[in-house]
Amino acid sequence: MIVVGLGTVWILDGLEVTTVGNIASRLSEEGSGLAISSAQVTGIAAALYVAGACAGALFFGRLTDKYGRKKLFMVTLAVYLGATALTALSFDAWWFFLFRFLTGFGIGGEYAAINSAIDELIPSKYRGRVDLIINGSYWLGAIGGSLLSVVMLNTDIFPKDLGWRLTFALGVVLGLVILLVRRHVPESPRWQLIHGHGEKAEELVSSVEREIEAEKGERLPPPDREITIHQRKSIGFGLIAKTVFRDYPKRAVLGLSLFVGQAFLYNAITFGFGAILTKFYDVPSGSTGYYFAVIAAGNFLGPLFLGKLFDTVGRRIMISSTYIVSGVLLFGTAWLFDRGSLSAATLTACWCVVLFFASAGASSAYLTVSEIFPMETRAMAIAFFYAIGTAAGGISGPLIFAKLTESGVVGDTVLAFQIGAGLMCAAGLVAAVFAVKAERRSLEDIAEPLSTVKR
């Protein structure tokens, strides 16, 4: 229930980003019902979506720590649903831009609320792989968005001015289904305990323990230690900032590095891949979805097959190696692209391999910042590092990349590839030095809660 109710938001995000990337060329065609260029869709609209996600993460992240995980992951999904529905009704470029921003605003809030809830509800033995696979499910949405765009952009089935609108409408339908499941996901008992709802936390945990004991037919072992918590209603933002940057400076550098590297790579390339195929390989706009579905599959398989190793081999080795390997492979792809050695199919194959490793690394960025800071700062820490890292790479990335690919000059696109590869390698080196040994450890052991009473 937790995985389906909370994890499926990444499917929505993947559906959103991929759909917009693939319908960019259709929206810019005469008769689409919207006066907008392809570069505006993959550049300005993409950057506004990411800017909205950054703003939403910060805004809702603070509210998530203050009012609870459950209230906010219901509110943020409702914001997403409303904005997506209104995007489908776009009649002018400014309307499209506005509701792409608000769609991102809802999705950004989801990141903070969902990642904090997942890590607080999943057992430490499996936390790494579950978190990675859930974050990697973004690419199931990307596959769906890619294949959906092939059907929706087929003018034999839907008129030019209707197919892309129905694509957004289907995202709303999927979101409503998730909303129904999410109603039954419990609040984080960790949040309840610290914020003065100890009886509710005890009731929830006891009911789960009773169910497990009934299934196993044996008593669960007692906790190996205990801590005393000073309950409080809220934590001030000043205390959160001081804790993250004064008490955990190395962890702050780690979180920022991981998010900047993956954000530039993914936001730049995800929004621009369809444009590369049509610009350099003359792939019809209605067929780009097939190619994107292939690299999306590679992205999902990475966390699926490598996720377990983050719990067994360990965080430091796996985070640093996935970042560095994906960066080196991307440098190789850029070199082959520059030589003219790649076709649309072989470029897609190269990206599939690159993103197999990059996806596991990118997912580990969310895992890392959600487990290496004290519980009271968790949602805000996720929001902050996501917002700063994504603003650096996710807003500038699409704008720069759209301009580079639009030029039609091979060297410009090669440069974009190399920038993304360099940042991934740099982040991997930072992880090799600063990554925290968090595998199979309780969240309270990794970072002691601020509310702990000293003895």
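Figure 1. Buried here means under 20% relative accessible area, exposed means over 50%, and partly exposed lies in between (1.4 Å probe, protein chains only). This is a predicted model, in which local features need pLDDT of at least 70 and side-chain atom pairs count only at pLDDT 80 or more, while totals for chains, interfaces and linings use all residues. Residues are numbered from 1 along each chain as its sequence is written, and side-chain values use heavy atoms, with hydrogens and water left out. You will find 18 helices and 0 strands in the protein; helices (H or I, at least four residues) and strands (E, at least two) are DSSP runs numbered from the N terminus. The C-alpha atoms fill a box of roughly 70 × 45 × 45 Å along the principal axes. A compact globule of 455 residues would have a radius of gyration near 23 Å, and the 22 Å of the protein agrees with that. This radius is taken over C-alpha atoms, and the globule rule is 2.2 Å times the number of residues to the power 0.38. Among contacts between residues at least 6 apart in sequence, 85% join residues at least 24 apart, where contact means heavy atoms within 4.5 Å.

**Figure 2. Threonine 322 in helix 14 (residues 315-339).** Threonine 322 has a relative accessible area of 1%, so it counts as buried. Its side chain has two backbone oxygens to look for: that of methionine 318 at 2.8 Å, and that of isoleucine 319 at 3.0 Å. A polar contact is a pair of N or O atoms within 3.5 Å; within protein, one must be able to donate a hydrogen and the other to accept it, and residues adjacent in sequence count only if both atoms are side-chain atoms. Leaving out residues up to four places away in sequence, threonine 322 touches Leu306, Phe310, Phe357, Ala358, Ala360 and Gly361.

**Figure 3. Glutamate 110, a residue of helix 5.** With 1% relative accessibility, glutamate 110 counts as buried. The side chain of glutamate 110 reaches the backbone nitrogen of leucine 77 at 3.3 Å. Beyond its neighbours within four places in sequence, glutamate 110 is in contact with Val9, Phe73, Thr76, Leu77, Asn115 and Arg182.

**Figure 4. A salt bridge between glutamate 120 and arginine 378.** The N to O distance between these side chains is 2.7 Å. The pair links distant parts of the chain, with glutamate 120 in helix 5 and arginine 378 in helix 16 (residues 378-406), 258 residues apart. Both glutamate 120 and arginine 378 are buried. A salt bridge is a side-chain nitrogen of Lys or Arg within 4 Å of a carboxyl oxygen of Asp or Glu, and the structure holds 12 salt bridges.

**Figure 5. Arginine 225 and aspartate 445 in a salt bridge.** Their closest N and O atoms are 2.4 Å apart. This pair also links distant parts of the chain: arginine 225 sits in the loop between helix 10 (198-216) and helix 11 (237-247), and aspartate 445 sits in helix 18, 220 residues apart. Arginine 225 is partly exposed, with a relative accessible area of 42%, and aspartate 445 is partly exposed at 38% relative accessibility.

**Figure 6. Aspartate 311 and arginine 315 within a salt-bridge network.** The side chains of aspartate 311 and arginine 315 meet at 3.1 Å, N to O. Aspartate 311 and arginine 315 are both buried. Salt bridges that share partners join Arg127, Arg129, Asp311, Arg315 and Glu371 into one network.

**Figure 7. Aspartate 282 and its positive phi of about 55°.** Most residues other than glycine have a negative phi. Aspartate 282 lies in the loop between helix 12 (249-281) and helix 13 (288-312). A relative accessible area of 64% makes aspartate 282 exposed. Arginine 440 is in the loop between helix 17 (410-434) and helix 18 (443-446), and it counts as partly exposed at 42% relative accessibility.
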